[in-house]
Amino acid sequence: MSLMLVNCSACRTPLQLPPGAKSIRCAICQSVTTVAPTTAHAPVPSPGAGTPWGAPPSPHGGKRAVICGISYRFSRHELKGCINDAKCMRHLLINRFHFPEASIILLTEEETDPYKIPTKYNIRMALYWLVQGCQPGDSLVFHYSGHGAQQRSYHSDEIDGFDETLCPLDFETQGMIIDDEINATIVRPLPHGVKLHAIIDACHSGTVLDLPFLCRMNRSGQYMWEDHRPRSGVWKGTSGGEAISFSGCDDNQTSADTSALSRITSTGAMTFCFIQAIEREHGSTYGSILNAMRTAIRNAGDTMSGGAVTSILAMLLSGGSLGGGLRQEPQLTACEPFDVYTKPFSL
């Protein structure tokens, strides 16, 4: 039996309606939507029922990923490096972390499958697919490279008063995907034993998963965890699983799309530095990755001995143009605080 997808009558967030239910309360805005017979649309398949990409893999210890790169080509918002980022991340997951190719959904404008174009609807469905039927031992990855933004929050769950957002290809007509929805879709449902890593290369992305704790680290590598749990008491953690996010910059910063790092192709600065940290064996712990990424971005203007091109990025030969300064600091957020220098990193 398939669940049905209905839009919240207040905030338009898609909600999964249980079979036979006549109404549903939105986890984002708390509004109650009463369902008329014609309201339900766009089935959201239950495990095994099949999505546009088929049912996700389900064996114990399974790995799956959603990778999204949006260039917004032929628009005034065009970015040069985001599709490169997506291809490189896919290559990294397959060749370094042994993700099965069939377990990765790649959303870019270059895809011929209409369900793999990074529209708002397709990104939402891919995120549902990512967590659908997950079980202990599973490792999930969400990588996004594209525009991010902020919009005023009308709830009391944001310290700065703004929701962080991701901008799908069709955001000008369909709207953005806000952090509350991302949290409700891929963070809160995570059961015990499931691990989610998000790698978000976008502006204003520091807390775009709305995770409860942010690692505030200085240039000396000293850190403390900031408590970002909403004053309203709304739960932003998981259902027992683990969620950790690397993001391109703080909520009040922008993230560069640049050729200053690879020297041969445009990439997102954060994605490049994340991959470089892994390839140069700086990825043993979360703290070592974060430090390596921040150091690489700070030193981006200096001469890089031996060149900064990694083996993964070297496979891409498209050109790019310098896209502004690299005044950004990658961030680390999590569902629970931990020792970033002793906790081993793995996908």
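Author: Happy to. A definition to begin with: axes are lines fitted to C-alpha atoms, for helices over the stretch in contact, and angles run from 0 to 180 degrees between N-to-C directions. Helices are DSSP runs (H or I, at least four residues), numbered from the N terminus. This is a predicted model, where local features need pLDDT of at least 70, side-chain atom pairs count only at pLDDT 80 or more, and totals for chains, interfaces and linings use all residues. Residues are numbered from 1 along each chain as its sequence is written, and side-chain values use heavy atoms, with hydrogens and water left out.

Reader: Great. At what angle do α1 and α5 pack?

Author: The angle is about 20° between α1 (residues 82-95) and α5 (residues 269-279), and their axes lie 10 Å apart. That makes α1 roughly parallel to α5, since angles under 35 degrees count that way, while over 145 is roughly antiparallel, 65 to 115 roughly perpendicular and the rest oblique.

Reader: And which residues in α1 and α5 meet?

Author: From α1 there are D85, C88, M89 and L92, and they meet T271, F274, I275 and I278 in α5. Contact here means heavy atoms within 4.5 Å. By class, this contact has six nonpolar residues, one polar and one charged. For the classes, Ala, Val, Leu, Ile, Met, Phe, Trp, Tyr, Cys and Pro count as nonpolar, Asp, Glu, Lys and Arg as charged, and the others, Gly among them, as polar.

Reader: What about α5 and α6, at what angle do they pack?

Author: α5 packs with α6 (residues 286-298) at about 125°, with the axes 9 Å apart. The two helices are therefore oblique to each other. In α5, the residues A269, M270, C273, F274, Q276, A277 and I278 meet I289, A292, M293, A296 and I297 of α6. That contact has 11 nonpolar residues, one polar and no charged ones.

Reader: Changing topic: how many cavities of 30 Å³ or more are there?

Author: The count comes to one. A cavity is a set of points on a 1 Å grid over the protein atoms alone where a 1.4 Å probe fits but cannot get out, and lining residues have an atom within 4 Å of a point. The largest cavity has a volume of about 40 Å³, taken as the space filled by probe spheres set on the points.

Reader: Which residues line the largest cavity?

Author: They are R124, L127, Y128, I177, E181 and T185. The elements that give two or more residues to this lining are α2 (120-131) and α4 (179-187), and α2 gives the most, with three.

Reader: Nice! How do the axes of α2 and α4 cross?

Author: They cross at roughly 30° and come within 8 Å. That makes α2 roughly parallel to α4. R124, L127, Y128 and V131 in α2 meet E181, T185 and I186 in α4.

Terms used:
On a 1 Å grid over the protein atoms alone, a cavity is a set of points where a 1.4 Å probe fits but cannot get out, and a pocket is an open set with protein on both sides within 12 Å along at least five of seven lines; lining residues have an atom within 4 Å of a point.
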